[in-house]
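Thanks for coming, everyone. I would like to take a few minutes to walk through one model with you, so please have the sequence and the structure open as I speak.

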Amino acid sequence: METFAIAYGVVGVAVTVYLARLGVMQRRVAQRIELLEAAAGKSQGDGSVDRYMDETRVSA
Amino acid sequence: MLIISAIAVAFVAPTESSMGDAQRVLYIHVPVAWIGLLSFGVMAMAGLLYLATRNLYWDHWAHAAAELGWLACGLTLVTGALWAEAAWGTAWTWDPRLTASLVLWLIYGGCLVVRRSVESDHRRARIGAVLACIGAVDVPLVIMATRWFRGMHPVAPEMEGSMRMVLWINVASFTMLFAVLLIRRKTLAELESSVGDLERRYRVTEEINTAGDASAGLRVASY
C-alpha cells in the first residue's frame, strides 16, 4: 500500500503544482493587461485609447 | 471522475498475488504514460499543422502539449521507478522501454528549453514544430520497445476483468484531466501571445508619439 500511496501522492502534488503555476501565469497576464490599460490611458487622451482598448479586448 | 478512479483503485481492484498492493501503481503509471505519448501526438500534429498553415494558433496547442507531455513523461518515470523498486528491487535499469521513455522526456525538455530561448514567435513555432516532428520518431520506439528488444519491462500482462475495468476508468479520467489542462494552457498561451503583441505595438506607438512630440508636436491618433 505504501508504494501505491507514494505514487498517488507524487502525481497529486505534481498536478497541484502545475495548476498553481497556471494560476500564477494567469495572474501575471492579467497584471500585464492592467499595465497596458494604464499606460494607454496615460499617454493618449483623444478618444484613441478607447479604440486601442477595444482592440485589446478583441485580441485578448 | 478522479475521485471515482481513486476509490476504484483502492476498493474495487483486486490485490495481485505476487506483487501485492505495489501492483496498484499500474493504475496510475499506465494513464500518465498514455498521456505522455498522447501529448507527443498532439504536439507533432500541431507542429505539422503550423508548418502547413503558418498559423500561430497551432503553435499554442503544441506549446501546451509540450508542457503537459514533459510533466506526464516525468511522472511516468517516477511512478515506474517506485513500482520497479518494489517489483524488481531496483528503481532504474537501462531497459529499452525505460531508456526510450527517458529519451522522450529529454526531448520534451529540449523542446521547452528551445521555446524559452527563442524570442520571435514564428521562429520559435518553426523550431518547435521541427523538433516535435523529429522527436515523434521516439514514440513508436517507446510503444514497441518491449516487443522489439529484450528487457525487464513486461509486454502486456494478462489481467482480470475487474483489473482491466479499473485501469480503463483511470485512463479515461486522466485523459479528461489532460484535456482540461491542455485547453486551459493553450488559452493562456494565446492570451500571453496577444498581450505580448499589444505590448510591442504599444511600445512602437509610444516611440512614434515621443518622436512626434519632440519634432513637431504631432500626436498619433491611431490605436
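**A cavity and its surroundings**

Sorted by class, the residues lining the largest cavity come to twelve nonpolar, no polar and no charged. Before I go further, let me say that what we are looking at is a predicted model, and that the values I quote are computed from it.

How many cavities of 30 Å³ or more does a search of the whole structure find? The search returns one, and the space in the largest cavity comes to about 130 Å³. Its lining draws on both chains: from chain A there are A:Val11 and A:Val15, while chain B contributes residues including B:Val32, B:Ile35, B:Leu68, B:Phe174 and B:Leu181. In terms of helices, at least two lining residues each are supplied by α1 (2-43) of chain A and by α2 (26-53), α3 and α7 (161-215) of chain B.

Is A:Val11 buried or exposed? Its relative accessible area is 4%, and because the cut-off for buried is under 20%, A:Val11 counts as buried. For a sense of distance along the chain, A:Leu35 lies 24 residues from A:Val11, and the C-alpha atoms of the two are separated by 36 Å.

Turning now to chain B, B:His60 is found in helix α3, which covers residues 56-87. B:His60 is likewise buried, with a relative accessible area of 11%, and, not counting residues up to four places away in sequence, it touches B:Lys186, B:Ala189, B:Glu190 and B:Ser193.

My last item is a helix pair, and in general two packed helices are described by the angle between their axes and the distance between the axes. In chain B, the axes of α4 (residues 96-117) and α5 (residues 121-135) come within 9 Å and cross at roughly 170°, and since angles over 145 degrees count as roughly antiparallel, α4(B) and α5(B) are therefore roughly antiparallel to each other. The contact of α4(B) with α5(B) has six nonpolar, three polar and two charged residues; among them are B:Ile107, B:Cys111 and B:Arg115 from α4(B), and B:Arg124, B:Ile127 and B:Leu131 from α5(B).

How values were computed: Residues numbered from 1 in each chain as written. Chains lettered and ligands numbered in written order. Predicted model: local features only at pLDDT ≥ 70, side-chain atom pairs only at ≥ 80, totals over all residues. Heavy atoms only, no water. Helix = DSSP H or I, 4+ residues; strand = E, 2+ residues; numbered from the N terminus. Buried < 20%, exposed > 50% of the residue type's maximum accessible area, 1.4 Å probe, protein only. Contact = heavy atoms within 4.5 Å. Axes fitted to C-alpha atoms, helices over the stretch in contact; angles between N-to-C directions. Parallel < 35°, antiparallel > 145°, perpendicular 65-115°, else oblique. Nonpolar A, V, L, I, M, F, W, Y, C, P; charged D, E, K, R; others polar. 1 Å grid on protein atoms, 1.4 Å probe; cavity = no way out; pocket = protein on both sides within 12 Å on 5 of 7 lines; lining within 4 Å. Points joined across faces, edges and corners; volume = space filled by probe spheres on them.
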